[in-house]
Amino acid sequence: MNGGAIGTIIVMWVVFIGAFVFFFSKMGKGGKWED
Amino acid sequence: MAEVGRERWSSRHTFIFAAIGSAIGLGNVWRFPYMSYKYGGGAFLVAWFIGLIIVGVPWLIMEFGMGRYFQKGAPGVFAGIGKKLEWIGWWPVFVAFLIVSYYCVIMAWSLRYAVSSVVMAWGVGEAGASGAGDFFFKTVLQLSSGPGKLGHPVVPIVIGLAVVWIVMYIIIYKGAGQTGKVAVWTVIIPWLILVVLLIRGLTLPGAVKGLNYYLTPNWAKLKQGDVWFAALSQIAFTLSVGMAGMFAYGSFVAKKADITNSAFITSFSNCATSYFAGFAVFSIIGFIMQSLNIPIDKVSASGLGLAFVSYPVGISMIPTGAPIVGVLFFLCLFFLGIDSAFFLAHGGVIAPVYDKFGMKLKNSTLLICILGFLLGLLYTTQGGLYWLDIIDRAVSFYGLLITGAIASFVVGWVFPAKKLRDHINETSDIKVGAWFDWMLKVVVPASALFVVAYGGFAKDLPLKYGGYPKWAAAFVWITLGVTFILSFVFQSFKTKEAKS
């Protein structure tokens, strides 16, 4: 696999994991996951 | 404002799963990966993310938020803004109804292929690779020579279509409490299948070659208008906005529940699924290229051609476990499609119908399922594929974008956006700032109309859409016009409140 493709994979994983960690850390005021 | 007895999600996570399920559909598998390959790989992903933040997320927040505010489906929302604006909510209802009528036919094809995969009906090895196209067009569809030759309904597809609509009725008729619980499974099952397909795909020779095409960035592409058109259109089509249903899904949310964070989770989950599906798709494309020693432009890498021709070609070349991969792939398509379909039928059509006419959920569900099945028979005929393509262009492209642009503009300027923002910020985990107002007022409508003009009018007006005969291509505009007029007709009908 070329460097550009590997770089894309790494960046995308960081973006998605970072986003979901942020969203779930904010969960509370508008109801918990099981509410 | 809350309506006594309105459907409710049984929990926050069932709402989020239902919204994710509605957003994740066939396009995540057969459109997004191809767009990434064609428009610059990693560079396309940058444009796609920008489109997600400035268009997709605000549009989805708007539809959820307005539905929750008025506790109504799309027509009820716009009637609440102004009596003469109700048609703005009806137009996407007709868009949703026409989309679900052919979407269920594609799911019927998927069921047919899942069964056919057990015996590898299109052949194995090189015979299968050369026979996959004929199997789809001649055996499964029994395709005629043009839209003017409808021929007869193809019986196995009619049976599959009936099965799909019966399943739809069973899922929907008890309301959001049940659809949310079903959606948890119809989202998780295809995710698991995609993991299996990805692992199998990556173990095949040539897979890395395919992934290089999918992901390698070509930064120069970002300077081209095509890439931004592709990114904005992908975002508009992938989140199931502009189809009336998200207003109703928002109306099933409790008054004190979050809107914004749920919209972010829905949007990002949908996009993560698209990104992940690209690995399963392009690993197989790389395998096909290597197995048949052909360049990528000889492999159909998007749309129906990918799902029902290229992927079966790849499956037929897999040395071990080909039938299992085939069954899993087509069941994956079925599960990806079913929650989008019951979203379109339930949120997009059934909820607006019972809001307006005061029908019971069970009765309105039965009515819409029967009408959807009957209309779907058109696409089961030998000329059905042509009509599917023509009607898809009218509603899934023009209808969705134009109605979405009008809805966003009206909510942004007339409701207006600040009032909506204050409403959702009262209860949401994440507060949105004034930027949100300008997205609704300007960016979302302008982006949707840019896609309509750049990818639609500029191509379809000088030429006949799809190269069809003039009279057939005219049905793109006729369908748009008829649904537009019908939206005013339905606005003129008296509501259950007016009658009482």
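Reader: What makes up the accessible surface of chain B, and how much of that surface belongs to carbon and sulfur atoms?

Author: In this predicted model, the accessible surface of chain B comes to about 17100 Å², and 69% of that area belongs to carbon and sulfur atoms. Accessible areas come from the Shrake-Rupley method with a 1.4 Å probe, and for residues only the protein chains shown count as cover. For chain A the accessible surface is about 2100 Å², with 74% belonging to carbon and sulfur atoms.

Reader: Which conventions lie behind these values?

Author: Residues are numbered from 1 along each chain as its sequence is written, while chains are lettered from A and ligands numbered from 1 in the order in which they are written. Because the model is predicted, local features need pLDDT of at least 70 and side-chain atom pairs count only at pLDDT 80 or more, whereas totals for chains, interfaces and linings use all residues; side-chain values use heavy atoms, with hydrogens and water left out.

Reader: What makes chain B as compact as a globular protein of its length?

Author: Chain B has 22 helices and 0 strands, where helices (H or I, at least four residues) and strands (E, at least two) are DSSP runs numbered from the N terminus. Its radius of gyration, taken over C-alpha atoms, is set against the globule rule of 2.2 Å times the number of residues to the power 0.38. The value for chain B is 22 Å, close to the 23 Å that the rule gives for 500 residues, and therefore the chain is as compact as a globular protein of that length. The C-alpha trace of chain B spans about 65 × 50 × 50 Å along its principal axes.

Reader: Why is B:Val93 called buried, whereas B:Arg8 is called partly exposed?

Author: Buried means under 20% relative accessible area, exposed means over 50%, and partly exposed lies in between (1.4 Å probe, protein chains only). B:Val93, in helix α6 of chain B, has a relative accessibility of 3% and therefore counts as buried. B:Arg8, in the segment before α1 (12–23) of chain B, has a relative accessible area of 29%, so this residue is partly exposed.

Reader: Which residues does B:Arg8 touch?

Author: Contact means heavy atoms within 4.5 Å. Not counting residues up to four places away in sequence, B:Arg8 touches B:Gln71, B:Ala176, B:Gly177, B:Ser251, B:Phe252, B:Val253 and B:Ala254. B:Arg8 and B:Gly175 are 167 residues apart in sequence, and their C-alpha atoms are 7.9 Å apart in space.

Reader: What makes B:Asn425 count as buried, and which residues does B:Asn425 touch?

Author: B:Asn425 lies in helix α18 (residues 417–427) of chain B, and at 12% relative accessibility this residue falls under the cut-off and so counts as buried. Leaving out residues up to four places away in sequence, B:Asn425 touches A:Lys29 as well as B:Ile430, B:Lys431 and B:Val432.

Reader: Which residues have the most contacts inside the largest nonpolar core, and what makes a set of residues such a core?

Author: A nonpolar core is a set of buried Ala, Val, Leu, Ile, Met, Phe, Trp, Tyr and Cys residues joined through side-chain atoms within 4.5 Å. The largest such core has 201 residues, and those with the most contacts inside it are B:Phe44, B:Trp48, B:Met66, B:Trp109, B:Met168, B:Tyr275 and B:Phe308. Helix α6 (residues 86–118) of chain B gives the largest share of this core, 22 residues.
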